[in-house]
Amino acid sequence: YGKQWYQRRVRGSVDTSNENSILRMLKMKRNESRKLNHIEVQEEEKRSKLPANWEAKRRRLEWELSDQKSREEAEKNGLNYDIVKNMNASAQELEYYSRRAKKKNPDPGFADFAQSHFRQYERITGQLRVNDSAYERQRQRMGESFYPQA
């Protein structure tokens, strides 16, 4: 290529009448490209040192943060978050996720009555809800006899 090609290529702030200025400009562009490439190489090296599931973990954390923010916002507005969240999803998505949830906890059956009893115990104790106010009232009413001595 000749001088005219460089002059057509470089128009602007560089003096194209002098070949030294053209070479200086090309050298500056080369250095700039080298620096940018070096930065990219460093970033790529950082990414390669991260665990394989880093992107998935990062996305999950971001989702949890956004979910927590929207939950707090719904609570502040006096709305039920689950209903608000489901309003933004299609019926097909909700059906898909409900089917997945059912598959995650299949009924394993039982091999003997001990396992059956244990599962029943777990189910019943999971349904229990403690009434703190009634507990406190009973404790106040009974006084020292609330804690029997052995």
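Trainee: Why does F146 count as buried?

Mentor: This is a predicted model, in which local features need pLDDT of at least 70, side-chain atom pairs count only at pLDDT 80 or more, and totals for chains, interfaces and linings use all residues. Residues are numbered from 1 along each chain as its sequence is written, and side-chain values use heavy atoms, with hydrogens and water left out. Buried means under 20% relative accessible area, exposed over 50% and partly exposed in between, with a 1.4 Å probe and protein chains only. The relative accessibility of F146 is 18%, so F146 counts as buried.

Trainee: Why is the pair of F146 and Y147 called edge-to-face?

Mentor: Rings of Phe, Tyr and Trp (its six-membered ring) pair if their centres lie within 6.5 Å, and planes under 30 degrees apart count as stacked, over 60 as edge-to-face and the rest as tilted. The structure holds three aromatic pairs. In the pair of F146 and Y147 the ring centres are 5.2 Å apart and the planes stand at 90°, so the pair is edge-to-face. F146 and Y147 also form one aromatic cluster with Y135.

Trainee: How do you know that the length of helix α2 agrees with its number of residues?

Mentor: Helices are DSSP runs (H or I, at least four residues), numbered from the N terminus, and the expected span is 1.5 Å times one less than the number of residues. Helix α2 (residues 19-49) has 31 residues and should therefore span 45 Å, and its end C-alpha atoms are 45 Å apart, which agrees. The buried residues of α2 are S21, I22 and M25.

Trainee: Which residues does D67 contact, leaving aside its neighbours within four places in sequence?

Mentor: Contact means heavy atoms within 4.5 Å, and with those neighbours left aside D67 is in contact with Y81 and K85. D67 has its place in helix α3 (residues 54-76), and its relative accessibility is 14%, so D67 counts as buried.

Trainee: What share of the chain counts as buried?

Mentor: Of the 150 residues of the chain, 7% count as buried. The chain has seven helices and zero strands, and among its contacts between residues at least 6 apart in sequence, 0% join residues at least 24 apart.

Notes
Helix = DSSP H or I, 4+ residues; strand = E, 2+ residues; numbered from the N terminus.
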